[in-house]
Each structure stands twice: as structure tokens, then as C-alpha cells.
Amino acid sequence: MRGGRSFPAIPLLTGAMLLAWPFLIGFGLTHNSLHWLLPLMALLLLFRFRQARQNAGPMRYVVQSVALAGVALCSASYLLKAHQWLLLYPVVVNLVMLAVFAGSLWTAMPLVERLARLREPNLPPEGVRYTRVVTQVWCGFFIFNGSVALFTVLRGDMQLWTLWNGMIAYILMGTVMATEWLVRQRVIKKEKHNG
């Protein structure tokens, strides 16, 4: 591909696949079609990994780690004919996200601050403190969500697993994002008013 440009449909396809992961796995198990679905999913995840290598920014390694975890779980499931491995994907995603977000708290600049500085390079001290708190909140979310995802795997109830990992977890994630956005608007407004 010329000039390092990538095929724009790959991020859309892989993003949709990852969002639909619980439903794809449920469909594959119910209709005994994982034998052709797993190689396709692994291939798309490899494309996602390759494409993420071309991106700069703090989320690059997160995307790559999550893609590799998906490839490993698809491969293990296919080769061992043990499809329970696929159920661990949401747990692994939460572990990767927790490791990246929590690990960044021990650096000079937590991940949320790095993301914020992409928009506002001269982040004031209040903004720096705020981004550290937001990073900690996300760590708490990943611990909670990953724990519940693991519980759904251990419980062995596909309906519960699909409901939590395919719907409830996304609703909770959206709620955390929306709440954080509202709080951020208040913080920005307060800074402008005090400034």
C-alpha cells in the first residue's frame, strides 16, 4: 500500500467484530460453525495488529495487545478444539486495559493525560490532577468488569455470558464515558470561570 496508507475497512470490520464478539461466539457454538469463523476472526485480528503498528499515539500498544490476545485465543480454541478459550476474551481485554492504565499511573504521565494532551498540549495542573483521577476510575472499572466477565465464564451460562459481555458491559462503559465527559465539562467551565 502506497505511502503507508492502510485499507480503511479493516478498522471498521475488526471494530465491529470485537463489539459483536459475544454474539459471534454464541452463534458459532450454537450453529457449530466455529471451524470457519475462527480462522476468519484470527485473520482480521492480525490485520488489526498490523494496522495498529502504523499508528502513533498512546493507544497503539493497547490495540496491538488486544489483537494478539484475540489471535492467541482463536488459535488455542481452533487447535485444541476447546471453545471455552474464546469466552476468556473479555477477561483478557479487561486485564490488558487494566495493565496499561494502571501501569501508566507509575509513569510521569498517566494514559488519560497523554490522551488529553493530544487535544490540549498545555494542560493546566488541575487538568493533570483530573486526568490522574480519571485513569484511576478506569482502572476500577476494568477490575470490576473483568471480574464479572470471569464470573460469567466460570458460571458456564452462555446466556449470562452473552448478556453481560455483549450488552451490559458496553452500557456500563458508555455510562462511565458519558459521566466523565459531563464532569470534564464542569471542570473546564470552572477553570475558565476562575481563570
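I started with E113, which is buried at a relative accessible area of 4% (buried is under 20%, exposed over 50%, partly exposed in between, with a 1.4 Å probe and protein chains only). Numbering runs from 1 along each chain as its sequence is written, and I'm working on a predicted model, where local features need pLDDT of at least 70, side-chain atom pairs count only at pLDDT 80 or more, and totals for chains, interfaces and linings use all residues. Side-chain values use heavy atoms, with hydrogens and water left out.

What does E113 pair with? I found a salt bridge to R117, the closest N and O atoms being 2.9 Å apart (the criterion is a side-chain nitrogen of Lys or Arg within 4 Å of a carboxyl oxygen of Asp or Glu). Side chains of opposite charge can pair when their charged atoms come close. Both R117 and E113 sit in helix α7, 4 residues apart, about one turn of the helix (helices are DSSP runs of H or I, at least four residues, and strands are runs of E, at least two, numbered from the N terminus). R117 is partly exposed, at 23% relative accessible area. Searching the whole structure gave me 1 salt bridge.

**Confidence check**

I looked up pLDDT, the predictor's confidence in each residue from 0 to 100. The chain averages 84, and 91% of the residues score at least 70. Confidence is lowest in α1, with a mean of 75, and highest in α8, at 93.

S104, in helix α6, is buried, with 4% relative accessible area. Leaving out residues up to four places away in sequence, I get S104 touching M109, P110, L111, R114 and T135 (contact is heavy atoms within 4.5 Å). G140 belongs to helix α8 and is partly exposed at 37%.

**Largest pocket**

I read about 1300 Å³ of space for the largest pocket (a pocket is an open set of points on a 1 Å grid over the protein atoms alone, where a 1.4 Å probe fits, with protein on both sides within 12 Å along at least five of seven lines; lining residues have an atom within 4 Å of a point). Its lining holds 43 residues, and M59, M97, F101, W138 and M177 lie nearest the centre. Which helix gives the largest share of the lining? That is α9, with 12 residues. I sorted the lining into 30 nonpolar, 7 polar and 6 charged residues.

Notes. Grid points are joined across faces, edges and corners, and a volume is the space filled by probe spheres set on the points. Ala, Val, Leu, Ile, Met, Phe, Trp, Tyr, Cys and Pro count as nonpolar, Asp, Glu, Lys and Arg as charged, and the others, Gly among them, as polar.
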